[in-house]
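Let's take a walk through a protein model together. Have a look at the picture first, and then we'll go through it piece by piece.

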Amino acid sequence: MAIALLSLAVIIKILTDEKDLSDSEERMLTMYNPKSLKAEEFINHEEVLDTLAFAKKNKDNTRLIDTILEKAKLGKGLTHREASVLLACDIPEKIEEMYSLAEQIKKDLYGNRIVLFAPLYLSNYCVNGCVYCPYHQKNKHISRKKLTQEDIVREVTALQDMGHKRLAIEAGEDPVNNPIEYILESIKTIYSIKHKNGAIRRVNVNIAATSVENYRKLKEAEIGTYILFQETYHKESYERLHPTGPKHDYAYHTEAMDRAMEGGIDDVGLGVLFGLELYPYEFAALLMHAEHLEAVYGVGPHTISVPRIKGADDIDPDAFDNGISDEIFAKICALIRISVPYTGMIISTRESQSVRERVLHLGVSQVSGGSRTSVGGYYSPEQEDDKSEQFDVSDTRTLDEVVKWLIEKGYIPSFCTACYREGRTGDRFMSLCKSGQIQNCCHPNALMTLKEYLEDYASPETKEIGSVLIDKEITKVPNEKVKKIAMQNLIDISNGKRDFRF
Ligand code: SF4
Ligand code: SF4
C-alpha cells in the first residue's frame with residue numbers, strides 16, 4: 001500500500017512537472033514512519049486521523065478493548081492506536097478497569113514515592129507570539145524581567161531554604177536577552193550556591209527549541225532533563241497559535257528532541273498543552289512522539305508533562321474551546337501511565353489540590369510544590385501581584401504543606417536527584433526501570449532525602465509524621481544490604497551528614 005501511494009505521489013510529481021503540488025497531493029508524499037527524522041513523518045497527520053477513526057469505530061468493541069487491557073496488564077505499554085481505542089471507550093466499567101490498572105502499574109513501578117521540584121523563571125523576555133501565553137511579545141501589560149546572576153543567588157537561596165533540591169529553569173525565547181550563554185551561566189550559578197545545608201542537585205531545563213550545538217553545551221553544563229512542550233501536535237493549529245517568531249516553525253520545534261539527542265542529551269521531557277486542540281489528536285500524537293524516540297534512539301521520553309491551559313494576564317482560558325474536563329484529564333493521565341509505564345509523569349501547581357490528589361493515584365510521579373510562576377517570585381513573593389506570572393497557580397500551598405499532605409496520603413515525598421549524578425540516564429536508566437531494579441534506588445533515596453528535608457526545613461508537625469513514615473518504610477527495603485546501608489545513612493543524616501544516594 002505504502003509503495004502504491006509513493007508511486008502515485010511520484011507520478012503526480014512527474015505529471016505536474018514544475019507546478020506546485022496541491023495540499024492533498026503533497027500529503028501523499030509524507031508517509032507515517034516512526035523512524036523518520038522528519039516531523040511530518042513521525043507525527044504523520046494521516047496516521048493520527050486514521051487512528052482516531054479506528055478508535056471511534058472500536059470504542060464499543062469490548063472484545064478488542066479487553067484484549068488491549070490484557071496486553072496493558074503485562075506492563076510493557078501500548079501503541080498509540082491501542083491507547084486511543086481506550087481513550088475513545090466510554091463504557092463505565094471499562095474505564096474503571098483502566099483506572100485500577102493505572103493505579104496498579106503506578107504502585108508496581110514507582111511504589112509510593114513522589115518526587116518534588118520547583119520551577120525557576122529566569123526571564124520573561126520573549127520574541128514569540130504564542131497566543132496562549134502572557135509572555136508573548138505583543139503583551140505590553142506585563143513588566144519584562146530577567147534575573148541577574150545576583151538575583152539568581154537570591155532566588156535559589158530562597159528555594160534552598162524551602163528545601164528544594166531539584167529545579168526546572170524556564171525562560172522565554174529571546175536571542176538578545178536570553179542567549180544560550182546566559183542560560184549556561186545561570187546553570188553554573190545555580191549549581192554553585194551552597195547555603196547552609198542547601199544545594200540544588202539537579203537542574204532541568206525548559207527553554208526554546210535550539211541547535212545541536214547548544215544542546216551539546218547544555219549537556220556539558222550537566223543539566224538533568226531537557227523539557228520542551230510541543231503545545232499542540234496539530235500542524236495547522238500549531239501555526240495559527242504561534243503566528244510570529246521562531247517558534248512558528250512546526251518542524252524545527254517538533255524535531256527539537258532529535259537534535260537534543262544528537263547533542264548528547266538522552267533524558268528528554270515531552271508535553272502538550274491540553275486545551276489548544278482536540279485532546280484525542282494530542283494524545284495519539286504524543287504517544288507517536290514517544291514511539292519515535294524509542295524507535296530511533298532506543299529510549300523513550302524520560303518524562304511527560306500534562307499541563308492544561310490556564311488564565312493569566314492577557315489570556316482568557318475560555319477563549320480556547322478545546323478545554324478538557326477533570327474527568328477526561330484523569331482518563332488521559334491514567335492512559336499515559338498504562339501506555340508508557342516507564343516514563344515519569346509530571347503535574348504542576350496549575351492544577352488544584354483535589355485534581356492533583358486524584359492523578360497521583362493514576363500515575364503522576366512528580367509534582368511541583370510551593371511554586372512561583374513569575375520572574376523573581378521566590379525572593380520577592382509580592383511580585384505575584386504585578387501580573388507577571390506565566391499562569392495562575394491553583395495549588396498555592398507552601399512546600400511544607402505539600403510535603404505534609406503527601407505523607408498524610410501515604411506517599412513518600414522524595415527530593416532524590418541520584419540518577420543523572422550516578423550516570424543513570426537514557427537507555428541505562430530505562431533498562432534499570434524495565435528490569436525493576438530502579439526500585440532498589442528510588443525507595444531508599446526517597447527516605448534519605450526526606451530525612452534531610454525533615455532535619456533541615458520541616459515544620460514540627462511535618463517532622464513528626466515524616467519520622468514515623470521513615471521508620472515504617474525503611475523496614476520495607478527488600479535488599480538487606482541496601483537496607484543496612486540506608487539505616488546507617490539515616491543515622492548519619494541525624495548527625496549532620498548530607499547527600500547520600502544509591
Ligand atoms: S510559551 Fe514560551 S515561547 Fe511562547 S510566548 Fe510564552 S515564553 Fe515565549
Ligand atoms: S533513583 Fe533515579 S529514578 Fe529513582 S527517584 Fe531518584 S532520580 Fe528518580
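## Overall shape

What radius of gyration does the protein have, and does it agree or disagree with that of a compact globule? With 502 residues, a compact globule would come out near 23 Å, and the protein has 23 Å, which agrees. (This radius is taken over C-alpha atoms, and the globule rule is 2.2 Å times the number of residues to the power 0.38.) Along the principal axes, the C-alpha atoms fill a box of roughly 80 × 55 × 40 Å.

Before going on, some housekeeping. This is a predicted model, where local features need pLDDT of at least 70 and side-chain atom pairs count only at pLDDT 80 or more, while totals for chains, interfaces and linings use all residues. Residues are numbered from 1 along each chain as its sequence is written, and chains are lettered from A and ligands numbered from 1 in the order in which they are written.

## Helices and the core

The protein has 22 helices and nine strands; these are DSSP runs numbered from the N terminus, with helices being H or I of at least four residues and strands E of at least two.

In soluble globular proteins, nonpolar side chains tend to be buried together. Here the largest nonpolar core has 140 residues, and Leu167, Tyr226 and Cys333 touch the most other members. Such a core is a set of buried Ala, Val, Leu, Ile, Met, Phe, Trp, Tyr and Cys residues joined through C-beta atoms within 7 Å. Helix 14 (residues 279-297) brings the largest share of this core, 10 residues.

## Around the ligands

Who sits around ligand 1? The shell includes Cys126, Asn128, His136, Glu173 and Lys247, where a residue counts as near if its C-beta atom, placed from the backbone, lies within 6 Å. By class, this shell has five nonpolar, three polar and two charged residues. (Ala, Val, Leu, Ile, Met, Phe, Trp, Tyr, Cys and Pro count as nonpolar, Asp, Glu, Lys and Arg as charged, and the others, Gly among them, as polar.)

Around ligand 2 you'll find, among others, Val115, Cys416, Cys441 and Asn445. This shell has seven nonpolar, three polar and no charged residues. Helix 20 gives the most to it, with three residues.

Technical notes. Buried ≥ 20, exposed ≤ 12 C-beta atoms within 10 Å, placed from the backbone.
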